[in-house]
Amino acid sequence: MSDSSPEAQFRAALLGLAVGDALGVPVEFQSRAARRLDPVAAMRAYGTHNQPAGTWSDDASLTFCLAQALADGFTVGLTAEYCRRWYYENLWTPHGSVFDIGITTREALNRLQADPDLILAGGTDEYSNGNGALMRILPLAFYQAEAPLAERFQLIREVSAITHGHIRSAVACLLYLEVARHLRAGRPPAAAYAAMREQAPAQLHKLKIPTHETDHFERILSGRLPDVAVTAIDSGGYVLHTLEAALWCLLRHETYAETVLAAVNLGDDTDTTGAVTGGLAGLYYGEAAIPPEWLAVLARRADIEELAARAAAAV
Ligand code: ADP
Ligand code: MG
């Protein structure tokens with residue numbers, strides 16, 4: 001990375017995530033087989049959601065809501081309020097309207113709208129483990145990175161629980177943010193993944209995460225993940241699959257563009273896989289590595305850059 005100041009990293013992470021999201025939006029819900037015949041190689045327009053090229057979706061919108069909460073004197077309640085305002089008042093939308101939302105996320109935001117005192121509105125059952133918290137969590141990599149693990153996890157858990165209250169979603173967010181933390185420290189993807197894996201067993205034990213829960217992360221924590229075949233990588237809306245897919249893409253490619261295109265070309269939940277992958281790839285490769293023609297069409301690029309500067313100055 002050429003410039004590793006917190007502001008440059010924050011910008012690269014937000015831009016990288018939004019570009020990955022926007023690459024995936026026109027082909028969301030289309031299959032991997034369709035992508036094999038017609039791979040995404042550049043920003044496309046229209047398609048699934050009939051949006052112009054460079055349009056990002058719920059993933060980037062809710063990520064920006066968290067970044068704005070960090071910029072405005074962070075609390076979990078403020079984050080929840082901005083998430084609610086996204087859905088009900090079009091806060092941080094690319095062109096003034098919401099065109100995509102997950103079911104679990106929508107149910108939680110409906111609850112927030114109905115009860116002004118509610119903050120942790122996410123469902124807590126095992127099947128409420130879509131990728132809707134993972135896709136918006138990355139700004140927390142910039143908040144109190146040196147705080148003790150238990151404090152960081154408590155915060156991750158609460159920010160996740162605004163929409164996703166099950167422990168699996170929080171653990172997925174933690175492992176993702178741990179990789180981000182190691183990338184921020186200048187470690188390349190393989191070393192960041194290795195450092196995360198080395199520390200995770202003791203961390204998860206300390207956090208009293210039950211074994212039947214950590215077992216779900218075996219493929220990630222064992223180190224086998226980067227060696228599995230693409231046919232064993234699922235790219236639907238389940239948080240565990242999205243985390244696996246993002247790490248797999250990051251670990252098997254060597255440029256920002258190749259990494260995010262690999263994510264989008266897995267098919268299915270392309271915008272979210274693109275966003276979750278693109279955030280890490282942006283963080284590691286830096287803004288200068290993002291193809292300028294993709295940034296040139298990105299919706300609200302100047303606003304995103306201003307947000308990153310404000311958030312980085314506040315944390
Ligand atoms: P969001 O998290 O973005 O609000 P949705 O609730 O619309 O997303 O979608 C969640 C997706 O994740 C669905 O495809 C659902 O089947 C899948 N999912 C959720 N929990 C689990 C689970 N425990 N195991 C497997 N798949 C799950
Ligand atoms: Mg989306």
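This is a predicted model: local features need pLDDT of at least 70, side-chain atom pairs count only at pLDDT 80 or more; totals for chains, interfaces and linings use all residues.
**Exercise 1. Describe the shell of residues around ligand 1.**

Solution. Begin with the residues themselves: the shell holds 14 residues, and those that come nearest are Ile-103, Thr-104, Thr-105, Glu-126 and His-164. Next, sort the shell by class, which gives 3 nonpolar, 9 polar and 2 charged residues. Finally, assign the shell to secondary structure: helix H5 (residues 103-114) supplies the largest share, 3 residues.

**Exercise 2. Identify polar contacts to oxygen atoms of ligand 1, and state how much of the ligand the protein buries.**

Solution. A polar contact requires a pair of N or O atoms within 3.5 Å. Consider the side chains: Thr-104 places a polar side-chain atom 2.5 Å from an oxygen atom of ligand 1. Then consider the backbone. Gly-237 has a backbone N or O atom 3.2 Å from an oxygen atom of the ligand, and for Asn-131 the corresponding backbone distance to an oxygen atom of ligand 1 is 3.4 Å. As to burial, ligand 1 taken alone exposes 580 Å², of which the protein buries 71%.

**Exercise 3. Classify the packing of helix H7 (residues 167-184) against helix H11 (residues 239-252).**

Solution. The axes of H7 and H11 come within 9 Å and cross at roughly 20°. Angles under 35 degrees count as roughly parallel. The two helices, H7 and H11, are therefore roughly parallel to each other. Their crossing is left-handed.

**Exercise 4. Carry out the analysis for H7 and helix H13 (residues 270-285).**

Solution. The axes of H7 and H13 approach within 9 Å, with a crossing angle of roughly 20°. This angle makes H7 roughly parallel to H13.

**Exercise 5. Determine how helix H6 (residues 149-161) is oriented relative to H7.**

Solution. Start from the axes of H6 and H7, which come within 9 Å and cross at roughly 125°. This value makes H6 oblique to H7, since only angles over 145 degrees count as roughly antiparallel and those from 65 to 115 as roughly perpendicular. In handedness, H6 passes H7 in a right-handed crossing.

Definitions and conventions:
Residues are numbered from 1 along each chain as its sequence is written. Chains are lettered from A and ligands numbered from 1 in the order in which they are written. Side-chain values use heavy atoms; hydrogens and water are left out. A residue is near a molecule or strand if one of its heavy atoms lies within 4 Å of it. A polar contact is a pair of N or O atoms within 3.5 Å; within protein, one must be able to donate a hydrogen and the other to accept it, and residues adjacent in sequence count only if both atoms are side-chain atoms. Accessible areas come from the Shrake-Rupley method with a 1.4 Å probe; for residues, only the protein chains shown count as cover. Helices (H or I, at least four residues) and strands (E, at least two) are DSSP runs, numbered from the N terminus. Ala, Val, Leu, Ile, Met, Phe, Trp, Tyr, Cys and Pro count as nonpolar, Asp, Glu, Lys and Arg as charged, and the others, Gly among them, as polar. Axes are lines fitted to C-alpha atoms, for helices over the stretch in contact, and angles run from 0 to 180 degrees between N-to-C directions. A crossing is left-handed if the near helix is turned anticlockwise from the far one by less than a right angle, and right-handed if clockwise.
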